[in-house]
Amino acid sequence: MESVNEAIASGLLPGRLWLYANFDCNLACGYCLTGSSPSAAPRRLGREVMLELARQARELGFEALGVTGGEPFLIDGMPALLSELSELLPLVVLSNGSLLVGAVLDELEVLRGRPVRLQLSIDSAVPAENDRLRGPGAFRATVEAIEGLRSRGLAVRVATTSSSIGEQDLECLRALLSELGVPPDEHVVRPVVRRGRARDHQAGLEVTRGEVPPELTITADGAFWGPFGPTVSGGQLATDLLVTPTILPLSVPAEALLELVQGRLPGEDARKGIR
Ligand code: SF4
């Protein structure tokens, strides 16, 4: 079997390592994969562990990081931590945007010119439709966060998670993002996946392991096959996509995942657009 480094170079193993910074969130979206909410257990990875994982990821040949949650900006000092992580590898950070105001926005200026993109969520150009699943005021908060980030010269990406958005709504959303200065290739539209809270509501697409990109994903509870792995439904962590409970040294979960992806064809997971 080839090394992790060779497997990433050949494309067999995706080059992005995901870090679940935490599982708590100030919102409680209806389709949340991780069942996050203000009362969810935080299950934080911790600053030092995240930095060590990033150091080891670079040594193993990973090419990029993703930081997600929960809402990562519930953690004090997140902008400074992102800055340190970006000295090791380029990264994308997923956030609902609602905490990116005032002092946090100012702290984020440290990321200007660094290889960091902040990915925020808007699910509809119609505020009421967006807020129906994401909570009151979510649309306005995200738009204001995008404006605040863009005015500070920071790169913004937008994700739309919906299995039912209409063509007209999508056109309006694209026009809005254009006005906000988000380029078309920085807007991703993907379906709701029937895991986590979406499963509780019987919403979204059923997916099998083979339909989820095998991007190594590290949480406080272990390492998973992709960021769609560590989902929480009915308060229970799903373990069907758990690779190993060991997260450090990173070579242990990376080699375990590599063993699982042997024989996969490139693009095998692309059919349902899960990303
Ligand atoms: S989908 Fe994102 S913003 Fe919504 S509750 Fe889950 S972690 Fe929070």
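Biologist: What do the buried residues of helix 2 pack against?

Modeller: They pack against helix 1 (4-10), strand 1 (16-20), strand 2 (64-68), helix 3 (78-86), strand 7 (216-219) and helix 9 (251-261). Contact here means C-beta atoms, placed from the backbone, within 7 Å. Helices (H or I, at least four residues) and strands (E, at least two) are DSSP runs, numbered from the N terminus. Do keep in mind that this is a predicted model: local features need pLDDT of at least 70, side-chain atom pairs count only at pLDDT 80 or more, and totals for chains, interfaces and linings use all residues. Residues are numbered from 1 along each chain as its sequence is written.

Biologist: Which residues of helix 2 are buried?

Modeller: Met50, Leu53, Ala54, Ala57 and Leu60. Seen down the axis of helix 2, they fall within an arc of 125 degrees (taken from the directions from the axis to the C-beta atoms), so they line one face of the helix.

Biologist: Why does Ser162 count as buried?

Modeller: A residue is buried if 20 or more other C-beta atoms lie within 10 Å of its own, exposed if 12 or fewer, and partly exposed in between. Ser162 has 21 such neighbours, so Ser162 counts as buried.

Biologist: Where is Ser162, and which residues does Ser162 touch?

Modeller: Look in the loop between strand 5 (155-161) and helix 7 (167-180). Not counting residues up to four places away in sequence, Ser162 touches Asp123 and Val192. The C-alpha atoms of Ser162 and Pro191 are separated by 4.9 Å, although these residues are 29 apart along the chain.

Conventions:
Contact = placed C-beta atoms within 7 Å.
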